[in-house]
Amino acid sequence: LPLICVAKNEHYFWPFLLEHYRSLGVGHFVILDDRSTDESVSFLSAQPDVTILRANMNFADMYGSLRFGVVIRGLLSKQLFPNQWTLVADADEFWVTPPGFNSFPALIDHLDNEGHTLCRGVMLDLFPQSLGDVSPSQTGTAPWALSPWYDDINPIHWPAHSSMPTSINHDRHVRNRMTGKLLSCGHLSQADLVERGIPTMCKSPLVKWGKQTQLLSAHRVSNPYHGSRQLACAHFKFFPDWESKVRAAIQSQAYYKASIEYKMLDMAREHLREFDLRGQSSKKLKCLKDLEKFTI
């Protein structure tokens with residue numbers, strides 16, 4: 001099973017990401033490096049199961065109606081691994097398999113037997129108690145130790161054949177609490193919140209790429225959806241170098257609505273450093289398998 005990842009300056013995550021996905025049966029990592037200036041390339045070059053690619057386009061360049069950094073994930077999957085399953089993940093995404101499946105290959109066998117060609121998944125932001133608890137010096141600490149809190153977003157209503165959930169409890173979402181606090185303190189306007197919208201908390205990371213498979217967005221593909229099995233993702237927005245990542249995203253304007261979500265995070269960095277990020281439904285992670293309950 002190959003994992004496809006497009007990344008830039010993610011040196012912090014690589015040791016943890018490789019260990020996590022190797023333990024779940026990923027046999028090869030194909031990393032499209034977007035001109036990293038940190039130690040990513042030297043570290044990844046020393047790994048026996050990693051292939052590093054470069055492109056003559058930047059992540060932010062438009063390729064049809066989507067950003068190149070989004071489209072290339074599907075193109076690589078279809079060109080390098082036609083009619084095969086691939087797992088697509090960002091460096092800050094740690095996907096967890098459902099109960100009863102101790103590896104992605106075991107899950108794929110089940111999906112193949114049922115005639116499915118994708119596996120959808122829900123995403124959960126993991127976060128520290130306060131932004132001030134994460135510092136640039138903590139590069140040796142695992143992301144789930146730095147950001148051990150998550151919100152119980154159940155109940156999730158996701159019809160079997162829909163590409164997106166019809167209902168997720170968005171009030172139980174740390175980034176929405178942050179923007180709500182910024183609003184109440186006068187740093188954001190209601191118009192800013194309307195422009196931002198609500199973060200998408202789902203993806204389809206595990207896909208069998210046939211000739212007709214199309215990547216519709218960063219979060220959706222054209223293959224038929226189903227409710228047979230579901231993945232969960234520990235999504236780490238807050239890590240030792242998160243502030244630099246926010247500044248780079250704002251400068252590039254490469255993300256949704258000219259990186260509007262990163263602009264909100266930058267305001268939080270400035271004004272909410274000691275704000276308790278936890279909500280009434282927040283729980284502390286013991287291990288990544290705690291997130292299995294969101295796969296059912």
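Trainee: Is F236 buried or exposed?

Mentor: The model is a predicted one. F236 has a relative accessibility of 0%, so the residue counts as buried; the cut-off for that class is under 20%. W144, by contrast, counts as partly exposed because its relative accessibility is 30%.

Trainee: How is a pair of aromatic rings described?

Mentor: Such a pair is described by the distance of the centres and the angle of the planes. In this structure, a search of the whole model finds 14 aromatic pairs. One of them joins Y12 and F16, with 5.4 Å centre to centre and 55° between the planes, a tilted arrangement. Both Y12 and F16 are buried.

Trainee: Why is the pair of W144 and F236 called tilted?

Mentor: The ring centres of W144 and F236 are 6.5 Å apart and the planes stand at 55°, so this pair is tilted; angles under 30 degrees would count as stacked and those over 60 as edge-to-face. W144 belongs to helix α5 (residues 143-146) and F236 to strand β11 (residues 231-236), so the pair ties together parts that are 92 residues apart in sequence.

Trainee: Which residues form one aromatic cluster?

Mentor: The cluster is made up of Y12, F13, F16, Y21, F94, F104, W144, F236 and F239. Both pairs discussed above have their residues in this list.

Trainee: Let us turn to the backbone. Which residues are joined by a cis peptide bond?

Mentor: The omega angle is the value to read here. A cis peptide bond joins N154 and P155, with omega at about 5°. P155 is located in the loop between β9 (149-151) and α6 (174-184).

Trainee: What is the phi of R35?

Mentor: Phi of R35 is near 60°, a positive value in a residue other than glycine. R35 lies in the loop that runs between β2 (28-33) and α2 (40-45). With a relative accessibility of 35%, R35 counts as partly exposed.

Trainee: Where is N83 found, and what is its phi?

Mentor: N83 is found in the loop between α3 (68-80) and β6 (85-88). Its phi is near 60°, again positive in a residue other than glycine.

Technical notes
Residues numbered from 1 in each chain as written. Predicted model: local features only at pLDDT ≥ 70, side-chain atom pairs only at ≥ 80, totals over all residues. Heavy atoms only, no water. Helix = DSSP H or I, 4+ residues; strand = E, 2+ residues; numbered from the N terminus. Buried < 20%, exposed > 50% of the residue type's maximum accessible area, 1.4 Å probe, protein only. Phe/Tyr/Trp six-rings, centres within 6.5 Å; stacked < 30°, edge-to-face > 60°.
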